[in-house]
Amino acid sequence: MADHLEASVTLPSDPASVSAARAYVASVLAEWGLPGDTEAADTIRLIVSELATNAVQHTFGLSPTFTVDIALDRDENLRVGVTDSHPRFPKRLPAAVQQDNGRGMVIIRWLTAEAGGRLRVRPTREGGKTVSIELPWTVPVGPR
């Protein structure tokens with residue numbers, strides 16, 4: 001495989017784009033050798049769903065689109081990021097807060113750590129933000 005692979009898609013900030021983002025990432029990962037029926041693929045799809053949902057729900061209509069970027073470096077590190085144009089960073093909720101939503105970042109943080117990766121939130125030059133995860137790239141030998 002190449003030393004560095006990249007893929008990107010920009011989607012409208014619409015609830016229907018969450019499943020489109022998830023399907024796009026699954027397709028790219030399959031092209032790069034990660035079968036869709038693995039635990040790693042399930043984890044990445046869930047993380048992408050949460051990141052895309054956050055980009056749609058928490059930008060309050062101020063980000064008309066969001067971009068999903070995927071990069072694989074030297075078959076070792078996978079990076080998936082979602083960028084929107086809203087300047088507000090995600091907030092960590094206290095564990096005692098009881099509500100129906102707002103747990104996306106908790107889920108993302110936990111899944112990322114569980115997979116041996118890390119979560120980053122960075123501002124963009126344009127005034128928005130990118131929320132990304134980096135995971136070790138491990139392609140399993142066969143289905144689970």
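In this predicted model, helix H1 (residues 16-31) packs with helix H2 (residues 39-57) at an angle of about 145°, and their axes are 9 Å apart. The crossing in which H1 passes H2 is right-handed. On the H1 side, the contact is made by Val18, Ala21, Arg22, Val25, Ala26 and Leu29; on the H2 side, Ile44, Arg45, Val48, Ser49, Ala52, Thr53 and Val56 make it. Nine residues of this contact of H1 with H2 are nonpolar, two are polar and two are charged.

H2 also packs with helix H3 (residues 104-114), here at an angle of about 150° and with the axes 9 Å apart. Angles over 145 degrees count as roughly antiparallel, and H2 and H3 are therefore roughly antiparallel to each other. Their crossing is left-handed. H2 contributes Thr43, Leu46, Ile47, Glu50, Leu51 and Asn54 to the contact, while H3 contributes Gly104, Met105, Ile107, Ile108, Leu111 and Thr112. By class, the contact of H2 with H3 holds seven nonpolar residues, four polar and one charged.

Which residues of H3 are buried? They are Gly104, Met105, Ile108, Leu111 and Thr112. Seen down the axis of H3, these buried residues fall within an arc of 135°, so they line one face of the helix. The buried residues of H3 pack against H2, strand E4 (118-123) and strand E5 (129-136). On the face of H3 turned away from its buried side are the exposed residues Trp110, Ala113 and Glu114. After H3 comes glycine 116, with a positive phi near 80°.

Methods: Residues numbered from 1 in each chain as written. Predicted model: local features only at pLDDT ≥ 70, side-chain atom pairs only at ≥ 80, totals over all residues. Heavy atoms only, no water. Axes fitted to C-alpha atoms, helices over the stretch in contact; angles between N-to-C directions. Helix = DSSP H or I, 4+ residues; strand = E, 2+ residues; numbered from the N terminus. Left-handed = near helix turned anticlockwise from the far one by under 90°. Contact = heavy atoms within 4.5 Å. Nonpolar A, V, L, I, M, F, W, Y, C, P; charged D, E, K, R; others polar. Parallel < 35°, antiparallel > 145°, perpendicular 65-115°, else oblique. Buried < 20%, exposed > 50% of the residue type's maximum accessible area, 1.4 Å probe, protein only. Arc of directions from axis to C-beta.
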